[in-house]
Amino acid sequence: MRSIGDEMLAAGVLPNLEAIHGEGIQVLSGLDAGLTFTGIVEIDEDSIIEGQALGEDRRGRRLVRFACTPLPRIHNQDRLKTVNDGKKWKATRMPGNSHLTVDYELVLVDPKDS
């Protein structure tokens, strides 16, 4: 059973937060390809992928939280696009995401990776 605070947060704050700060997230692959959902995008520190063949490859990283239904059906490595800036991302479900939101880590897709 969820606490009263969680119930109030789910009923009032999260839908309002998503309505005010939410962005359009278009699903590009997977079960919901072509559909657009509203999510809260948070900026995370960039990641650096290093290797002998790659050298140093910097990628933008974001976190997206989906709080309101309907929720997108996204599997690991599905591709998403942030509608505002047109950037394409690879999504990975965050471990231990909360019971109020469904959270994904987004890593920028380099055009050479497409």
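**Close-up views of side-chain contacts in a predicted model**

**View 1. Salt bridge between aspartate 32 and arginine 73.** In this predicted model, aspartate 32 and arginine 73 form a salt bridge whose closest N and O atoms are 2.7 Å apart. The two residues sit in distant parts of the chain, 41 residues apart. Aspartate 32 belongs to the loop between strand E1 (23-27) and strand E2 (36-51), and arginine 73 to the loop between E3 and strand E4 (79-82). Aspartate 32 is buried, at 4% relative accessibility, whereas arginine 73 is partly exposed, at 45%. The structure holds four salt bridges.

**View 2. Salt bridge between glutamate 42 and arginine 65.** The side chains meet at 2.8 Å, N to O. The pair links distant parts of the chain, with glutamate 42 in strand E2 and arginine 65 in strand E3, 23 residues apart. Glutamate 42 is partly exposed, with 32% relative accessibility. Arginine 65 also counts as partly exposed, at 25%, because buried residues have under 20% relative accessible area. A network of salt bridges links Glu42, Arg65 and Asp103.

**View 3. Salt bridge between glutamate 105 and arginine 61.** The closest N and O atoms of this pair are 3.1 Å apart.

**View 4. Aromatic pair of phenylalanine 66 and tyrosine 104.** A search of the whole structure finds one aromatic pair. The ring centres of phenylalanine 66 and tyrosine 104 are 6.1 Å apart and the ring planes stand at 70 degrees, so the pair is edge-to-face; the cut-off for that class is over 60 degrees. Phenylalanine 66 is in strand E3 (residues 55-66) and tyrosine 104 in strand E6 (residues 102-108), which places the partners 38 residues apart in distant parts of the chain. Phenylalanine 66 is buried, with a relative accessible area of 2%. Tyrosine 104 is likewise buried, at 2% relative accessibility.

View 5. Leucine 63 is buried, with a relative accessible area of 11%. Leaving aside residues up to four places away in sequence, leucine 63 touches Ile40, Val41, Glu42, Met94, Asp103, Tyr104 and Glu105. The C-alpha atoms of leucine 63 and isoleucine 40 are 8.1 Å apart in space, and the two residues are 23 residues apart in sequence.

How values were computed
Residues numbered from 1 in each chain as written. Predicted model: local features only at pLDDT ≥ 70, side-chain atom pairs only at ≥ 80, totals over all residues. Heavy atoms only, no water. Phe/Tyr/Trp six-rings, centres within 6.5 Å; stacked < 30°, edge-to-face > 60°. Helix = DSSP H or I, 4+ residues; strand = E, 2+ residues; numbered from the N terminus. Buried < 20%, exposed > 50% of the residue type's maximum accessible area, 1.4 Å probe, protein only. Contact = heavy atoms within 4.5 Å.
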